[in-house]
Structures are given as structure tokens and as C-alpha cells.
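Here's a walk through one model, taken piece by piece. Keep the viewer open and follow along.

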Amino acid sequence: MRHSKKRAQKKAEEHAEAERQKALTAQLELAAFGEIHKPRKGLLSEPEFWWREHYSWLQESGYLLRPRYAPDWIPSWQGKKKDWFACEDGRGAEYPTRILDGTRLSDGAYVALKLVKKLDHPFERGIGRLFSSEPLAGESANHCIPIYDVLLVPEDEDRVILVMPLLRDYNEPPFDTIGEAVECFRQLFEGLQFMHKHRVAHRDCTSRNIMMDASLYVDAFHPVDQLMKRDFSGYARFRTRTQRPPKYFLIDFGLSRRYDHSVAKPLEVPIWGADKEVPEFQNSDDPCDPFATDVFYIGNVIKKDFIDLNYGFEFIQPLIADMVQQDPSKRPTMDEVVKRFDGIRAGLRSWKLRSRVVDIRENTLDGVIRGTSHWMRRIGFVARGVPAVPQRAS
């Protein structure tokens, strides 16, 4: 009897401690992320309510949101033996305060709808439209995300919605060959050079603001869980960048600025973007050259995402080292970067360009599996005369 009471008491104490830890975790979560970011098991979060309230207006404007945001939405798992996370409509937007996916009714194209506050980002709309309008829109060197449409939010003079193509993170799925990465570098350098040529500094051209189109994909992918098909019926099939060369884009002009051609070297007070390693921003609020900062940003992307994580990129290390120098005045301009890169690229042989991108964290077994499939593709590409550096159809 005594042992039973002790066991019961111990169990009660363990339960109380578990509840205390659960409550503490909830408090910490609330303090760190706020009420609107707490898990809701597939239901709408508070920021998503805004999109539901504007569902009909967006539909009248020519853009259809997913069923999740319809005013009469009933979760597809409700009353069924299905988990919310296994359903298409259980996936909420990743950044609902700023962006949501939709479908353009005129042609069925998938689009991204970006909600912009003009007071917070007064130049974003204008810069986006500059590169989306002729004659700049038609230039092959233009890698700025196109703005298809601008919607004025009713009864809210401070907000507009920018309609853009639905893109993917530029490095997912991973690069297969060195040649694929080289083509990515070429497009990124070309795109930033193009912006600088037209006196626009991006000021936040970091990894999260580089994306690519969906050329790789056989199936339409889900906008939130991009591994899955859009209808969640299975995994979205894709090909390599060699097989289906994508176009890479620079996105998000919220911090970008355009300067008059008469100002040879504009100076700007630092504005922190996603990359916190900018040398000239450390311990200083002194105005600095935004174009030189852009060179650091794009160089640091290649350093962090390619050189530091993979074998085989020693050929571009000297150029990147110059681009990320501590002293901004010693960095090359984007014109110089492009010229030097063209020379580097011309010196790379086919065997190097066709070689596999090897992750430094890869174990032996993964290496054998990936290496075998890579060589099978490589032999087929050589036999069919597929270029070692992907070439998009014009």
C-alpha cells in the first residue's frame, strides 16, 4: 500500500513537472514569436485573415488564391481520418504579412503577390517597374524579377500589391555540376552589373533575394512545401539544370536606390540587409558606397553557398576574395568582376565543368550513390552533345 502511494505521488509530481515545462515553453514561445506565430494545426494564422478578407477583391482583379483563403473554406481534413499537414490546404503561407501565392485567371500562371507598404518602402514599386518596362524589360542581361501588375488595395492608400512570377530558391534542388554553378554565377554577375549600369544599387542582394524560375520542374510544385506537387499527390518531379537550364533573378527592391548619372560615387548611410558581415557597416554609421557593398554581398553569397560548402570551386576563389575585401575602395566594380569572370570561365575545360559538385559534408556512401548517378548522366550528356555549361533557349 505504501509503495502504491509513493508511485502515485511520484507520477503526480512527474505530471506536474511536465505541465510546468509545457507552460514554460509556451511562455517562451509567446515571448519570442508572439501569439500570431503559435502553431494552429493547419488553421489560418492572424496575418492570413487579411488575405481571406481580400479574396473576392483579388478574384475580381484577376487573381485567385488557394482554397485555404476562400471565405467559405472548410478544411479538407475536417471530419476525415487525415492529418492537416498531409493536405494541400493545411499549408499556410511562410510570410503571410508580406507575400502570398496565387493564380492568374487569364492564363493559369502561378504568381506571387507581394504586399508593400509605400511608407516603409517608397522606392520598391518604382524600381521594380523600371526594370519591368521597355526598353529594359526586353534586355537579356536583365535579371530583375518582373512586375506583372500593381494592384491598389481598396480603402488603404498606403498599400499596393505587386504581382510577380512564382519563383523558387535558387539553390534548391542542389547544383549537380560545376558548369551549372558557373552559369549561375554568370547570370548573377550579369544581373547586378545591369542594375549598376542603370544606376540602381540593390543593397540586399543576399542568398534569400536570389531565386530562379521553375524550368527544372516537370510538375507544378506547391508554393509552401516545394518538394511536393501543387495538389499534394506526391513529390514534384524535376530535372537537373543541365537538362532544363533555369533563369536566375534578383528580387526584393525594398532597400534599393536609384541614383542620378551625374553622381559619380553616391554615398549612403548603412541599412542592414540579411547579410550582417558587411565590413563597412561594422561599428560605423558613416555613409559608404552602395555599389561597393553590392559587390561584397554577391561575392559573399558565392563564398558562403559554394566555396565554403563544396569542393571544386578553387578557380573562382581569387576573384571572390577581392570582392569581399574589408576596404570597399579596393573591391572591383561589377564591370571588372564580369570581365575577370569571363576570363576565368573561358579557361575552364569541359572535364572540370562536367565534374560533380561535392558537398564537404558528404559521407562515403552518399558519395558513391550520387557519383554513380552523376556519371550515368554525364556519359549520356557527352554522347548527345549537351553543353557542359547550360544554355537557355533564346
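## Strand β12 and onwards

At 22% relative accessibility, Val358 counts as partly exposed, since anything under 20% would be called buried. Bear in mind that this is a predicted model. Val358 sits in strand β12, which covers residues 358–359. If you skip its neighbours within four places in sequence, Val358 touches Leu309, Asn310 and Tyr311. Its C-alpha atom is 9.2 Å from that of Arg370, a residue twelve places away along the chain.

Now for the sheet. Five strands make an open, antiparallel arrangement in the order β1-β2-β3-β5-β4. The edges are β1 (63–64) and β4 (149–152), each of which pairs on one side only. In general, strands of a sheet pair through backbone hydrogen bonds, either parallel or antiparallel.

| Strand pair | Sense | Bridges |
|---|---|---|
| β1 and β2 (residues 99–104) | antiparallel | two bridges |
| β2 and β3 | antiparallel | five bridges |
| β3 and β5 | antiparallel | seven bridges |

Ile99 is bridged to Lys114 in β3, and Lys117 to Arg159 in β5. The hairpin of β2 and β3 has five residues between the strands, and Gly108 there takes a positive phi near 80°.

How much of β3 is buried? Six of its eight residues are, so call it mostly covered. Helix α4 (residues 124–132) lies across β3 (110–117), β4 and β5 (159–165), and runs at about 150° to β4.

Next, the rings. There are 17 aromatic pairs in the model. One of them is Trp73 with Trp77, an edge-to-face pair at 6.0 Å centre to centre with 65° between the planes. Both of these tryptophans, Trp73 and Trp77, are buried. Phe189 and Phe341 make another edge-to-face pair, at 5.3 Å centre to centre and 80° between the planes. Why does that pair tie together parts that are 152 residues apart in sequence? Because Phe189 belongs to helix α5 (residues 178–197) while Phe341 belongs to helix α8 (residues 334–346). Phe189 and Phe341 are both buried too.

There's also a cluster held together by ring pairs: Tyr170, Phe175, Phe185, Tyr248, Phe306, Phe313 and Phe315. One of its members, Phe175, has Arg241 lying over its face, at 3.8 Å from the ring centre. Arg168 does likewise with Phe221, at 4.6 Å from the ring centre.

Leaving out neighbours within four places in sequence, its contacts are Asp176, Glu180, Leu216, Arg377 and Phe381.

Most residues other than glycine have a negative phi, and most peptide bonds are trans. Which residues does a cis peptide bond join, with omega about 10°? Those are Glu134 and Pro135, and Pro135 lies in the loop between α4 and β4. Another cis peptide bond joins Glu172 and Pro173, with omega about 0°. You'll find Pro173 in the loop between β6 (168–169) and α5.

As for phi, Arg203 is not a glycine but has a positive value of about 75°. Arg203 lies in the loop between β7 (200–201) and β8, and is buried, with a relative accessible area of 6%. Asp252, not a glycine either, has a positive phi of about 65° and lies in the loop between β9 and β10 (257–258).

Technical notes. Residues numbered from 1 in each chain as written. Predicted model: local features only at pLDDT ≥ 70, side-chain atom pairs only at ≥ 80, totals over all residues. Heavy atoms only, no water. Phe/Tyr/Trp six-rings, centres within 6.5 Å; stacked < 30°, edge-to-face > 60°. Buried < 20%, exposed > 50% of the residue type's maximum accessible area, 1.4 Å probe, protein only. Helix = DSSP H or I, 4+ residues; strand = E, 2+ residues; numbered from the N terminus. Lys NZ or Arg CZ within 6 Å of the ring centre and 35° of its normal. Contact = heavy atoms within 4.5 Å. Pairing = 2+ DSSP bridges. Axes fitted to C-alpha atoms, helices over the stretch in contact; angles between N-to-C directions.
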